[in-house]
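Morning, everyone. Please look at the screen while I walk you through this one.

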Amino acid sequence: MSRRKTLHRGDLIAENTAKAWLSYQGEAGSEGIKDSYGVASVSDEGTGTFAITLSNNAAAGGHNNNNCWLFSSHNWSPDGLVAVVAYTSSYGSNNPWWNMNDDWVRVHVMRTRDNNDIVDGEWFSMACFGDNIYF
Amino acid sequence: MVFDGVFWRQHLFLKTMIDTSKVLVYNNEFGTVTVVHPAPKHEGTIEDIKAGIGTDRAIDGVIHIVDRSEVPKDRSFRNAWTYTP
């Protein structure tokens, strides 16, 4: 991606600031992006599986392995939380990317109900740090 | 007209918000469909997001732009979703 974000009043871009953050509600009926910064889209890939694509690369100079991705979750306590696992992926034998991608990440956030069905996690949030000061 | 804070944020600083009534849909590697929701604060277009994702994540290389209203509300059988244009 080459599109540079337009800065607005209140924006602060530096090496020591988060380049993107996200609050996403996954609970059926209320799902969707609640608020975000520097995020282009959230891909719903299946039950409890989401991919977050940033508006630009978080790391400068195409250094794909320099990102810091942080995730957390909120869960209704009677439901068991199965996992909150995030990873960057390589895709397809025709175009394998063996490095960490610097503009998107996938997260699994799932919980169980009394009947042991696995459903979407109730809520998750993300922050991404990188040294791209031209985000 | 009242020139309140919302007016100035929207007009003076010229933030262009994306149309969130559209989503991207494609068949994914998990055997179901991916629904891509644009972030409301993203400054760009759904076509920009489509180009940014590329075709690597779509197993058949095709990404469709559809109305968000076509996405089912019931997620009970989310992994069984399919999409036919």
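How many bridges join strand β5 of chain A to β9(A), and do they run parallel or antiparallel? Seven bridges, and the two strands run antiparallel. Keep in mind that this is a predicted model.

Stay with that pairing. β5 covers residues 68–74 of chain A. His74(A) sits there, opposite Trp123(A) in β9(A).

Now the other partner. Strand β1 of chain A, residues 18–25, is also joined to β9(A), residues 123–129. Again there are seven bridges, and again the run is antiparallel. For one pair to find on screen, take Tyr24(A), whose bridge partner in β9(A) is Phe124(A).

Over to chain B. Here we have two helices and three strands. From the N terminus, the order is α-β-β-α-β. The chain has 85 residues, and 34% of them are buried. Take the contacts in chain B with a separation of 6 or more: 58% of them come from residues 24 or more positions apart. Chain B exposes about 5100 Å², with 57% of that supplied by carbon and sulfur atoms.

Last stop, the second largest pocket. Its volume is about 320 Å³. The lining has 17 residues. Nearest the centre are Ile118(A), Val119(A) and Asp120(A), together with Arg75(B) and Ser76(B). Which strand gives the most to this lining? That is β8 of chain A, residues 118–120, with three residues. By class, the lining of this pocket has eight charged, five polar and four nonpolar residues.

That's the tour. Over to you for questions.

Notes. Residues numbered from 1 in each chain as written. Chains lettered and ligands numbered in written order. Predicted model: local features only at pLDDT ≥ 70, side-chain atom pairs only at ≥ 80, totals over all residues. Heavy atoms only, no water. Helix = DSSP H or I, 4+ residues; strand = E, 2+ residues; numbered from the N terminus. Buried < 20%, exposed > 50% of the residue type's maximum accessible area, 1.4 Å probe, protein only. Contact = heavy atoms within 4.5 Å. Areas by Shrake-Rupley, 256 points an atom, 1.4 Å probe, with all protein chains shown as cover. Pairing = 2+ DSSP bridges. 1 Å grid on protein atoms, 1.4 Å probe; cavity = no way out; pocket = protein on both sides within 12 Å on 5 of 7 lines; lining within 4 Å. Points joined across faces, edges and corners; volume = space filled by probe spheres on them. Nonpolar A, V, L, I, M, F, W, Y, C, P; charged D, E, K, R; others polar.
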